[in-house]
Amino acid sequence: LLYQAIRDRGTSPESCVLIGDSVPDVDAAQSAGTLSIGYANKPGKYDRLSGAGADAIVTDMTEIAHAARSLPQ
C-alpha cells in the first residue's frame with residue numbers, strides 16, 4: 001500500500017514520510033525508502049520505535065508538524 005500511495009501521488013519515496021506507531025510501520029517505511037516518524041503514544045513505544053530506526057519520534061500528535069519540518073529534505 002505504501003508503494004501504491006507513493007506511485008499514485010506521482011512522487012518519489014525520498015520525498016515521503018510515514019507516520020506510524022509500531023515497529024512494522026518503521027520497517028515498512030525503511031523498505032519503501034521513505035522517512036518515518038514514530039508516534040510513541042504508550043509506555044515502551046519510544047524505545048521500540050527508536051530501536052527500529054525511526055527517523056524521528058514524537059509522544060504527542062502536536063509534535064508531528066514540528067518533527068516533519070526537522071526531517072531531511
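**Close-up views of a predicted chain**

View 1. At a relative accessibility of 1%, serine 36 counts as buried, where buried means under 20% relative accessible area, exposed means over 50%, and partly exposed lies in between, with a 1.4 Å probe and protein chains only. Serine 36 is part of strand β2; helices (H or I, at least four residues) and strands (E, at least two) are DSSP runs, numbered from the N terminus. When its neighbours within four places in sequence are left aside, serine 36 is in contact with Val17, Leu18, Val26, Ala29, Gly53, Ala54, Asp55 and Ala56, contact meaning heavy atoms within 4.5 Å. The model is a predicted one, in which local features need pLDDT of at least 70 and side-chain atom pairs count only at pLDDT 80 or more, while totals for chains, interfaces and linings use all residues. Residues are numbered from 1 along each chain as its sequence is written, and side-chain values use heavy atoms, with hydrogens and water left out.

**View 2. Strand β2 and its two faces.** Strand β2, which spans residues 35-39, is mostly covered, since five of its five residues are buried. Leu35, Ile37 and Tyr39 point one way from β2, whereas Ser36 and Gly38 point the other way, and all are buried.

**View 3. The pairing of β1 with β2.** Strand β1 (residues 17-20) pairs with β2 in the parallel sense over four bridges; two strands pair if DSSP finds at least two bridges between them.

View 4. Threonine 34 sits in the loop between α2 (23-32) and β2. With a relative accessible area of 7%, threonine 34 is buried. Apart from its neighbours within four places in sequence, threonine 34 is in contact with Leu2, Ile6, Pro13, Cys16, Leu18, Ala29 and Asp55.

**View 5. The whole chain, for orientation.** The chain holds four helices and three strands, and along the sequence these follow the pattern α-β-α-β-α-β-α. The radius of gyration of the chain is 12 Å, close to the 11 Å that the globule rule gives for 73 residues, so the chain is as compact as a globular protein of that length; this radius is taken over C-alpha atoms, and the rule is 2.2 Å times the number of residues to the power 0.38. Buried residues make up 33% of the 73 residues in the chain.
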